[in-house]
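Welcome to this short briefing.

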Amino acid sequence: MLAYIPYPSWIHPQIVPFLPVRWYGLMYLIAFAIAYLLFRYQLREQSIKPEKDVVLDMFFWGIVGLLVGARAFAVTIYDSTGYYLHHPLQIILPVAVVDGKIRLTGIAGMSYHGGLVGATIAIVIFLRVKKISVLQWGDMLVSGIPLGYTFGRLGNFINAELYGRVTRVPWGMVFPGAESFSSGQPWVQDYARSVGMPLPTTGLVNLPRHPSQLYEAFFEGFVLWLIMWFIVRKRKPYDGFGIACYVIGYAVIRFFIEYVRQPDKGIDWPIRFVHVDNPVYQFTPFNFTTGQILNVLMITGAVVFLYVLRRRARLDAAAPASAPPSARKLRKKLK
């Protein structure tokens, strides 16, 4: 009996064979559409009537900031080879010269954390210019974003990318294109025997891995959306509370899923407290990836943000409209 699942052979990145239209791009279009529709729903729910095209403009600049930030993090923090330092045009160009010929390579490599930073900066600047409450609109945005994120991770799964570490769990999946290992290594032979995988006498073998994209789609996407939409959105004590809850919720879930994700090649575990003989599949909770480090920074920043929001809410509740100028100035500063 096999204790793993082959990657479905009927899944193809292209929607229509031989055409450059991919499920990955469609999934992200669906993600943005869901976030937009849920945001408009909340505007109607709260009887907010913004100026014409303001919401579309906000989403446009948010997406621009997301793409810039995601790409910037990917080619700096997550690039250990220095490739983009020597080939800066590859940061923005979907083509490269390979063996003297121009080939379509696409723009591969995006970072969620960078996208979050870039989108936040762009949206905050836009809302400030339009004199719209950043905290109120930010709460509405993060209430719908996780559901859209679900489809983004499904796009990663269809692309057979961002797969997890080698595993023995019965739902481990053999992803095409994943790193293969020599069938002559003793640990590979022992592993394959334990999951019922036939091995060639020589050559390379692709081993089952965690389908971590599906973990993220479910927990960082659907489950977090349920929490944000049905609990936080309806019970938030003050504006900005939803933003902090989203950041903390995402970071906590992603922190634990990072344990089963395949670490970025060349970076692996920047913080290592325990030595393991075979880091390919041996597990320890005391070695941490770059993603986990960024998640801890997100949690820390969100907790500080919550403290500031709570302090402001208390000042607003305690200080009457006739408060002295010094108190009003402090309240305005916190806003």
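A salt bridge here is a side-chain nitrogen of Lys or Arg within 4 Å of a carboxyl oxygen of Asp or Glu. With that in hand, Arg-153 and Glu-216 meet in a salt bridge through their side chains (3.3 Å, N to O). Arg-153 lies in helix 5 (residues 134–158) and Glu-216 in helix 7, so this pair ties together parts that are 63 residues apart in sequence. Please keep in mind that this is a predicted model, in which local features need pLDDT of at least 70, side-chain atom pairs count only at pLDDT 80 or more, and totals for chains, interfaces and linings use all residues. Residues are numbered from 1 along each chain as its sequence is written, and side-chain values use heavy atoms, leaving out hydrogens and water.

**The chain as a whole**
- The protein chain has 10 helices and eight strands; these are DSSP runs numbered from the N terminus, with helices (H or I) of at least four residues and strands (E) of at least two.
- Along the principal axes, its C-alpha atoms fill a box of roughly 85 × 45 × 40 Å.
- Of the 335 residues, 43% count as buried, where buried means under 20% relative accessible area, exposed over 50%, and partly exposed in between (1.4 Å probe, protein chains only).

**Salt bridges**
- The structure holds 10 salt bridges.
- Both partners of the pair above are buried: Arg-153 has a relative accessible area of 7%, and Glu-216 has 0%.
- Arg-254 and Glu-258 also meet in a salt bridge, at 2.8 Å from N to O; Arg-254 is buried at 5% relative accessibility, and Glu-258 is buried at 6%.
- A network of salt bridges links Arg-153, Glu-216, Arg-254, Glu-258 and Arg-261.
- Arg-193 pairs with Asp-190 in a salt bridge whose closest N and O atoms are 3.0 Å apart.
- These two sit three residues apart in helix 6 (residues 186–195), so about one helical turn separates Arg-193 and Asp-190.
- Arg-193 is exposed at 57% relative accessibility, while Asp-190 is partly exposed at 43%.

**A nonpolar surface patch**
- Phe-218, Phe-219, Phe-222, Leu-226, Ile-227, Phe-230 and Ile-231 form a nonpolar patch on the surface, with about 600 Å² of accessible area together.
- Such patches are made of residues with over 30% relative accessible area and no salt bridge, nonpolar side chains (Val, Leu, Ile, Met, Phe, Trp, Tyr) being joined within 5 Å and like charges within 9 Å.
- Accessible areas come from the Shrake-Rupley method with a 1.4 Å probe; for residues, only the protein chains shown count as cover.
- Phe-230 belongs to helix 7 (residues 212–235) and is partly exposed, at a relative accessible area of 41%.
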